[in-house]
Amino acid sequence: MTGIVTTDKTATPERGWPVLLPPALLTLLLGFWGVERGGSIWRDEVVSYQVAHRSLPEIWRLLHEIDAVHGLHYLLLNTVFRLWDGGLPALRLPSVLAMALAAGALAETGRRLAGRRAGLLAGLVFALVPAVQQYAQEGRSYASVCAAVVLGSLLLVRAWQRPTARAWTAYGAVMLIGALLHEFAVLAMAAHALTLCWGRAGRRVWAGWAVAAAAVLAGLLPLSLISRAQADQVAWITTPGWSDVWAPALTSAVGALCACLRQPAAPGAPCRARALALPLLVLPPAALILVSFLDPLYVDRYVVFSYAGLALLLGLALDRAWARLPRALTEWPVPGRPVVASLALTVLVLAPLPLERGLRTPQSRPNDVAAAARAARDLGRPGDAVLFVPGARREAALYDPAAFAGLRDLALARTGADSGTINGVETGPERIRAAVAAQRRVVLVTDPRPRAGASARDQAKLAALAARFTPCRTRAVHGITVTLYTVRGACG
């Protein structure tokens, strides 16, 4: 069968430390560096944080109503918090570990397909990709999905080299976990199909992949049906524009340029590394963007695993450049290759440090819910009322209840845990107006710029404030505004 090596015994033995260790350790170090991001947390992470602190029956009830697509991640975080309720570091620990696993798996994949040096360089490049570092420090599922896809890609290579039932079962199981963490991981399996076509896989390999793919789709079907019924939760996604398209277009172009460079395959490799990397880089974002012109679904973080393809292609290009380097150094008296290699790796690691520092600041995310909670605590005093516009801004109170301990939520009828929702259920507009009219001081937590299409409840909140109150003090934090309203003439 063309393109298949049914055993990897022909591969040249490679001694020394495993190639996966340096990239994994570098990713761990970068992941734990500034993992608290100055004590900041943005609203998507707050959802993970507060849902994971609920009981298992409460989480189960929530998933029947909304956010089933993230259910497995919530259960994982629930386990972490039961073992160690360590705040922000505990929230982000699974993502740090997952990206370290992805870096190591990518390095090993590169070693199997293109040799030790190419694998090492690919893993190091992956660790330094800004998006990788960003989602390694985010309490959402995207790093875990990335780890599952990269590990699944490694298992695909292994199953291709030695196509046994056990190898394909391992591949299918890992890809199913990735898809259950986020459905769009199945796009990686479509990329794997292109890899098999490019590598001219034989019938035995195709049969194994087909069985694994069918099992993944069957296992994912119940979640797909539930999440489709909950499609309103992604109604905020809009049709892709140039700001959405330029980044994947640029990375795809860079990857394609790298793929054009000649790169010999490692002994025993079932295909060239570019046959795995380029489809993984291009197909998932491209497919999701095209679909989004009919049904908007594209958000770059949904396919962050595609950066593994870019890192592998860049690793191949750097390996080729390094292979040509000795001829340029033959006339050097000293220092020679070891020192040059050390200097090159040092530059590779240190060059992106300014950008990496920025990724660890509160401003690196769309908003800072923790800062909003602190602002509400500073502006309010015991006995004051609080309103959230829209109601989703209640995430500040859900993340830091102590900051709102003395404030009365005028609109809340049932908590999220009691109602099987994320932010709770609010009372009707008339009750909100009546409750606001009886107050003298109200703390308002809202977006900096009002959004179009405000609900009747939110309109009632703002109308009641405008009728009797005036802004007294305002604290604008990153992405959120907190204002103390008092009855006219009572600001002091």
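Where is the place of Arg200? Arg200 sits in the loop between helix 10 and helix 11 (203-229), helices being DSSP runs (H or I, at least four residues) numbered from the N terminus, like strands (E, at least two). The structure is a predicted model in which local features need pLDDT of at least 70 and side-chain atom pairs count only at pLDDT 80 or more, while totals for chains, interfaces and linings use all residues. Residues are numbered from 1 along each chain as its sequence is written, and side-chain values use heavy atoms, leaving out hydrogens and water.

Although not a glycine, Arg200 has a positive phi of about 55°. Arg200 is exposed, at a relative accessible area of 61% (buried means under 20%, exposed over 50%, partly exposed in between; 1.4 Å probe, protein chains only). Another arginine, Arg37, has a positive phi of about 50° and lies in the loop between helix 1 (21-32) and helix 2 (43-52). Arg37 is buried, with a relative accessible area of 1%.

Helix 13 (residues 273-292) comes next on this tour. Of its 20 residues, 14 are buried. Helix 13 bends by about 25° at Leu283, with Pro284 following within four residues; the bend is the angle between axes fitted to the seven residues ending there and the seven starting there.

A further proline, Pro390, is found in the loop between strand 1 (385-389) and helix 18 (395-399). The peptide bond leading from Val389 to Pro390 is cis, with omega near -10°.

Definitions and conventions: The expected span of a helix is 1.5 Å times one less than its number of residues.
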